[in-house]
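Q: Could we go through the helix packing and the aromatic pairs here?
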Amino acid sequence: MLDSKEIVMIIEGIGGTLWMTLASTFFGYIFGLPLGILLTVTGQDGIRPNGGVYKVLDVLVNVFRSIPFIILILVIQPLTRMLMGKSYGSTAMIVPLTIAAAPYIARMVESSLKEVDHGVIEAAQSMGADLKTIVWKVLLTEARTSLVVNATIVTTTVLGYTAMAGACGGGGLGDIAIRYGYNRWRPDVLWVAAVLLVVLAQIIQMIGMFISRKVDRRRVS
C-alpha cells in the first residue's frame, strides 16, 4: 500500500515523465523535421535530387539511430553537463532524448512526405511554384494526416525512452520504477509506475488518433 509521500512521489514522477516526453519531442521536431524534409527533397525521387547531400544525411541518421539509447546517454554526458549544468534529472535528460528522437523523426517525416502523390507535386511545379511553396503548401499539407500519426508514434517512443533514462538518473516514472520499485523490492511501486506509463502511452495514442481523424476529415472535405 502506497503512503502519502509515495503518492506525491508518483505524481511528481508523472510530471517529470510528461515534461521529458513533450519537451524532447518538441525539440526533436525542431531538428528532425527540417532533416526529414532535406532527405525527401534531395533523395533520388526528390524535387531537387542531390546524391552527395542525401548520402551524408542518410549516413548520419542511420548512425545515430543505431546507437542504443542507454549508451547514448552515457556517451554524451559531457555535452549534457555543458548545456544543462548536470547530467542527471528530468531536464538534463532532454538533451539525449532530443538527440535520440531527431533522427527517428527525420525518418518518419521522410516516410510521410514520400507518400504524397507525385502528380500533385508535378502539378504545382507546372504552375511555377518554387521549392519553398511546394514543401509547405504541397508536401506538408498533403502529408499532414500521416505526419500526425507518425508524431503520435514518435511521442510514445520517446515516452518509452524516458523509462530507460530512469536507469541513468533521469527522473520520472522510469526512475521510480527502478530505484524505488526494483532496487528496494517494492513490487507495488514498480507495478504502479509501469501501469501509469502504459496509461500515458494510451492517452497519447488516443489524442494523436483523434487529431489525425480531424485532420483527415478536413482534408477530405
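A: To begin with a definition, axes are lines fitted to C-alpha atoms, for helices over the stretch in contact, and angles run from 0 to 180 degrees between N-to-C directions. Helices are DSSP runs (H or I, at least four residues), numbered from the N terminus. This is a predicted model, in which local features need pLDDT of at least 70, side-chain atom pairs count only at pLDDT 80 or more, and totals for chains, interfaces and linings use all residues. Residues are numbered from 1 along each chain, and side-chain values use heavy atoms, without hydrogens and water.

Q: At what angle do α4 and α5 pack?
A: Helix α4 (residues 77–84) and helix α5 (residues 94–113) pack at about 120 degrees, with axes 9 Å apart. They are therefore oblique to each other (under 35 degrees is roughly parallel, over 145 roughly antiparallel, 65 to 115 roughly perpendicular, the rest oblique).

Q: Which residues make the contact?
A: L79, T80, L83 and M84 of α4 meet V95, P96 and I99 of α5, where contact means heavy atoms within 4.5 Å.

Q: Is A100 buried or exposed?
A: A100 lies in α5 and counts as buried, at 10% relative accessibility (buried is under 20%, exposed over 50%, partly exposed in between, with a 1.4 Å probe and protein chains only). Beyond neighbours within four places in sequence, A100 contacts F69, L72 and Y161.

Q: And how many aromatic pairs are there?
A: The whole structure has 3, counting Phe, Tyr and Trp (six-membered ring) with centres within 6.5 Å; planes under 30 degrees apart are stacked, over 60 edge-to-face, the rest tilted. The rings of F69 and Y161 have centres 4.9 Å apart and planes at 10 degrees, so this pair is stacked.

Note on methods:
Helix = DSSP H or I, 4+ residues; strand = E, 2+ residues; numbered from the N terminus.
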